[in-house]
Every structure is written in structure tokens, then in C-alpha cells.
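Subject: Structure handover

Hello,

Here is the structure I promised to pass on. Please open it beside this note and follow along.

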Amino acid sequence: MKVPFLELLPTYLELKDEFDTAYKRVMASGWYVLGKELEAFELEFANYCGTKHCIGVGNGLDALHIILRAMNIGRGDEVIVPSNTYIATWLAVSHAGATPIPVEPDERTFNIDTERIEAAITERTKAIIAVHLYGQTADMDQINHIASKYGLRVIEDAAQSQGARYKGIRSGCLGHAAGHSFYPGKNLGAFGDAGAITTNDDELADRISQLRNYGSKVKYRHDFKGFNSRLDEIQAAFLRVKLARLDEWNKRRGQIAAEYLSACSTLRGITLPYVPPWADPVWHLFVIKHPQREKLQSLLLESGIGTLIHYPYPAHRSGAYEGEEDLYDSLPTALNLASTVLSLPIGPHLSSEQVGAVLHCLETSLCKI
């Protein structure tokens, strides 16, 4: 049995009538930007996250970038980021004019190691970006404690964690503001690029709303040098349909993850994901480690099992930060993860037969290494 790493079509097929109805509703409205669908989604997603405000933007990178701009973080400032994350976390800081200062991850959770954060703080540090990697929240109590001690802002990169909880509280409501991505492959994915920002800060929300729309609150008057980054009506309508199913789909992801964890617990050579007692992840990705990752991936592919590597290069070795090596040490933990991690197929539409095929092929592949 062939098992692709990711299939997006089943999502549409499951809710085809609802998506088609949403599309026709938007098209018949004659209003396609900053309209009622976006207003409704922003209200619904804010309620879902437990925040006062949600502001829809064009994508997840824009969400983080606009948060930083709204916080007046820019040239000469530093922002703490994980060394192990998708490059968008770093790029948001760079685009704001600030400098990303990487902190290595906890080798068990892959999230930022809170024991190493204070050593990276300087007089120029203005914020900490906490990434909830692979759908599991970072240790937010510790991060918020450090931030409070030094007067720093806390920004959640919640691109992979819609619905995840930290000590019972959903991601998106655990810092001063959170950036969300609704890229199609995310747990809550649009049918194109889309993103949002959630916050409980009234003043910050107002500034963000203006920055996403050319810095304007009143047409043709621009209080800031803003951007054009708006979640459009069609994507908002589609996201409203998906949001109603998100918890159900996340539950299915959790069931598959539990099956993987149970069945793989006796397999030799691989390191399984670790879930701290305070975390309730949504399993955007199921990431294992193996010292011969390339060989394992090749064997799985020969058996018809698709996998991906998240991520093959840490941000500081990706090419975008070439010439800035003096800002970063070797970051050995991030480099080690980049050479050993492997993501197995997981998603709400993965069948029991497909899960069984993944587990069978993984066991037989490991026996050949």
C-alpha cells in the first residue's frame, strides 16, 4: 500500500457541499476583501483561541512581521528565536530590521530550551518568539517568567499549533500576541496562503489592524507606513467551515499519534516524540529521530511510504544568513536534529489501513539497517 506523506484533496471531498456553499456565498455577495466573512472568522477564531482579538492577514510570515512592527521592534533590537524552527520565524525578525538571536532546543521536545534563554538576553533584547513546533506548545510559564523579569514581549509562533493546549489553555492566548499560518498543510489550512494574529491587547490589535491595511483606519488616510496583507473573503469563508471541524480532526491526529507511540515503543534505533505532562499537542507532525535517517527514508520510500524532513537545514545554515556566521555559533543541537529527524505521515484522513502500512514498513525497514 502506498501512503503519501500528505493528501489535501480528502479534506475538500469530506466537506464539499459546505465549501461549495461558502464559495457561492462569497461570490454572490460582491464583496471580496475586508468584508463580513473575514469579520465572522476573526470573531470565531478569537473565541476559539480564547482571545479578545483576531486580525486576519495574508500569511504566517506576515503575521509575525506585523506583530514585531506593531510592537515597534526594529533596527538595533534583538529578538530571541529558537535555533530549531522553520526559517519564517527568523525572517520575520530580519524583515522588521532586528536581529534574530538563536537559542538551542530541548533535545526531548525540540522546542526552545528555556534553561538557555537568559544567557542570550542583552540590553538590546526586546522580545522572545516561542515556537510551538510540530503542534506542541513551548514551556510558556518559564518563557513568560523570564520575559517579565527582563521586561520583554512574548510572541507565539503558533503556525503549527491551532488547538494545542498548555496547561489547559489554547495556543494563541499564551503571550502578548500570536502569529498563525493557515497554509494548506496546516491543521487549520486554507486553500491558499492565509494567516492571522491573535492578542488580548486592545492597543496592539488596533495598530495591527491598520498595519495590515496600508497603515489606514480611514480610507486614504494612512497613520503608519503599513502593508498590504489581508486575509481575503473566500479564504475566510473556507476557514470558517474547517474551524468547525478542527477539534474533531485534531482528535483523529491524536489517535494516530497514540497508535504510533504504542506500536513503536519497542522498535530499536529510533527516538520517539516526547510529550511533557503539561502539553496537549495537536500533532501537526509526528517526528522521529534516527542516526541513519537518509537510509531509513529511502527504505520507506521503496515500500511506498512518503516522509518529509522538518527541517534539513537550520535557519543559520539555509543560505539566507550566509555572511552572518559571526552572529551565530555552530548551534550543534539544531544541526544534530537537522541530520536525524524524519516526519511520518499523519493527518485526520489517514485510514487505519494506511497507519498499519506505515508501522509495518517502518519495522521492516529498521530491520534492514
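Are Phe 19 and Phe 238 buried or exposed? Both are buried (buried means under 20% relative accessible area, exposed over 50%, partly exposed in between, with a 1.4 Å probe and protein chains only).

Some ground rules before the rest. This is a predicted model, where local features need pLDDT of at least 70, side-chain atom pairs count only at pLDDT 80 or more, and totals for chains, interfaces and linings use all residues. Residues are numbered from 1 along each chain as its sequence is written, and side-chain values use heavy atoms, with hydrogens and water left out.

Aromatic pairs

The structure holds 14 aromatic pairs. Rings of Phe, Tyr and Trp (its six-membered ring) pair if their centres lie within 6.5 Å; planes under 30 degrees apart count as stacked, over 60 as edge-to-face and the rest as tilted. The ring centres of Phe 19 and Phe 238 are 5.8 Å apart and their planes stand at 90°, so this pair is edge-to-face. Phe 19 sits in helix H2 (residues 16–29) and Phe 238 in helix H9 (residues 233–243), 219 residues apart. Helices (H or I, at least four residues) and strands (E, at least two) are DSSP runs, numbered from the N terminus.

Phe 45 and Phe 182 are also edge-to-face, because their ring centres are 5.4 Å apart and their planes are at 85°. Phe 45 is in helix H3 (residues 36–49), while Phe 182 is in the loop between strand E8 (177–181) and strand E9 (195–199), so the pair ties together parts 137 residues apart in sequence. Phe 45 is buried, at 0% relative accessible area. Phe 182 is buried too, at 0%.

One aromatic cluster is formed by Tyr 12, Phe 19, Phe 191 and Phe 238.

Nonpolar cores

The largest nonpolar core has 40 residues, and Leu 68, Val 79, Ile 155 and Ile 208 touch the most other members. Such a core is a set of buried Ala, Val, Leu, Ile, Met, Phe, Trp, Tyr and Cys residues joined through side-chain atoms within 4.5 Å. Elements that each supply at least two residues include strand E1 (53–57), helix H4 (60–70) and helix H8 (202–211). H4 gives the most, with six residues. Beyond its neighbours within four places in sequence, Ile 208 is in contact with Ile 55, Ile 66, Ile 67, Ala 70 and Ile 197 (contact means heavy atoms within 4.5 Å). A second, separate core of 24 residues includes Ala 257, Cys 264, Ile 346 and Leu 366.

Helix H11

In helix H11 (residues 293–302), Arg 293, Leu 296, Gln 297, Leu 299 and Leu 300 are buried. They cover an arc of only 165° around the axis, which puts them on the same side of H11; the arc is that of the directions from the helix axis to the C-beta atoms. The face turned away from the buried side of H11 carries exposed Leu 301 and Glu 302. The buried residues of H11 pack against strand E13 (286–289), helix H12 (332–340), strand E14 (341–344) and helix H13 (352–367).

Cysteines

The structure holds zero disulfides (a disulfide is a pair of cysteine sulfur atoms within 2.5 Å). The sulfur of Cys 54 is 7.0 Å from the closest cysteine sulfur, in Cys 49, too far for a bond. Cys 54 is buried, with a relative accessible area of 8%.

Best wishes
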